[in-house]
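Good morning, and thank you for coming. I would like to take you through one structure, with attention to its charged side chains.

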Amino acid sequence: MANVWSGVTIDCLDPERVARFWSALLGREFGPSQEGWVYLGERGEPQPRLVFQPVAEPRTGKVRIHLDISVDDIDEAMAAVIDLGGRFTGERHDYEEGVVVVMADPEDHEFCLVEYYG
């Protein structure tokens with residue numbers, strides 16, 4: 001049996017709003033979805049599908065998993081996230097191999113923008 005990573009599910013108060021943010025940020029199209037949920041992409045595509053699941057309660061505390069998004073220009077990517085309704089958390093890490101900034105989507109799900117040098 002082959003195990004294949006097929007998707008990531010994100011809990012949301014407003015799945016449509018959060019999915020629009022991620023769709024614009026990643027250039028992923030909406031796929032077939034069950035009622036109340038929103039999927040970006042479809043099963044079997046090269047990239048894992050993103051699934052936005054409706055929940056009744058807001059996120060509390062730090063999540064233990066997040067997405068890393070590789071970008072060509074960290075400043076341009078940060079501006080794009082903010083223009084789409086996300087925010088910069090104020091956390092930045094400069095490493096020899098590149099820079100990582102922690103951002104958040106409109107419902108405060110944290111993710112990293114990563115610009116690798118060279």
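This is a predicted model: local features need pLDDT of at least 70, side-chain atom pairs count only at pLDDT 80 or more; totals for chains, interfaces and linings use all residues.

Let me begin with a question: is E45 buried, partly exposed or exposed? E45 is partly exposed, with a relative accessible area of 37%. By convention here, buried means under 20% relative accessible area, exposed means over 50%, and partly exposed lies in between, with a 1.4 Å probe and protein chains only.

Residues are numbered from 1 along each chain as its sequence is written, and side-chain values use heavy atoms, with hydrogens and water left out.

I turn to the salt bridges, each defined as a side-chain nitrogen of Lys or Arg within 4 Å of a carboxyl oxygen of Asp or Glu. The whole structure contains 5 of them. In one, E45 meets the side chain of R28, at 3.2 Å from N to O. This pair links distant parts of the chain, 17 residues apart: R28 belongs to the loop between α1 and β2 (30-31), and E45 to the loop between β3 (38-40) and β4 (49-54). Helices (H or I, at least four residues) and strands (E, at least two) are DSSP runs, numbered from the N terminus. R28 counts as buried because its relative accessible area is 8%.

S23 is placed in helix α1, residues 15-26, and is buried, at 14% relative accessibility. R20 is found in helix α1 as well, but is partly exposed at 46%. The C-alpha atoms of R20 and L40 are 9.2 Å apart, for a sequence separation of 20 residues.

R87 is in strand β6, residues 87-95, and lies 21 residues from D108 in the chain. Through shared partners, salt bridges join R59, R87 and D108 into one network. Each member is partly exposed: R59 at 32%, R87 at 35% and D108 at 28%.

Strand β6 also holds G90, which is exposed, with a relative accessible area of 54%. The C-alpha atoms of G90 and V101 are separated by 7.9 Å, the two residues being 11 apart along the chain.

Finally, the surface. Where is D72 placed? D72 is in the loop between β5 (68-70) and α2 (74-83), and its relative accessible area of 77% makes it exposed. D72 gathers with D73, D75 and E76 in a surface patch of negative charge. Such a patch takes residues with over 30% relative accessible area and no salt bridge, and joins like charges within 9 Å.

Conventions:
Patches are made of residues with over 30% relative accessible area and no salt bridge: like charges are joined within 9 Å, nonpolar side chains (Val, Leu, Ile, Met, Phe, Trp, Tyr) within 5 Å. Accessible areas come from the Shrake-Rupley method with a 1.4 Å probe; for residues, only the protein chains shown count as cover. Lys and Arg count as positive and Asp and Glu as negative; His and the chain ends are not counted. The place of a charge is taken as NZ of Lys, CZ of Arg, CG of Asp or CD of Glu.
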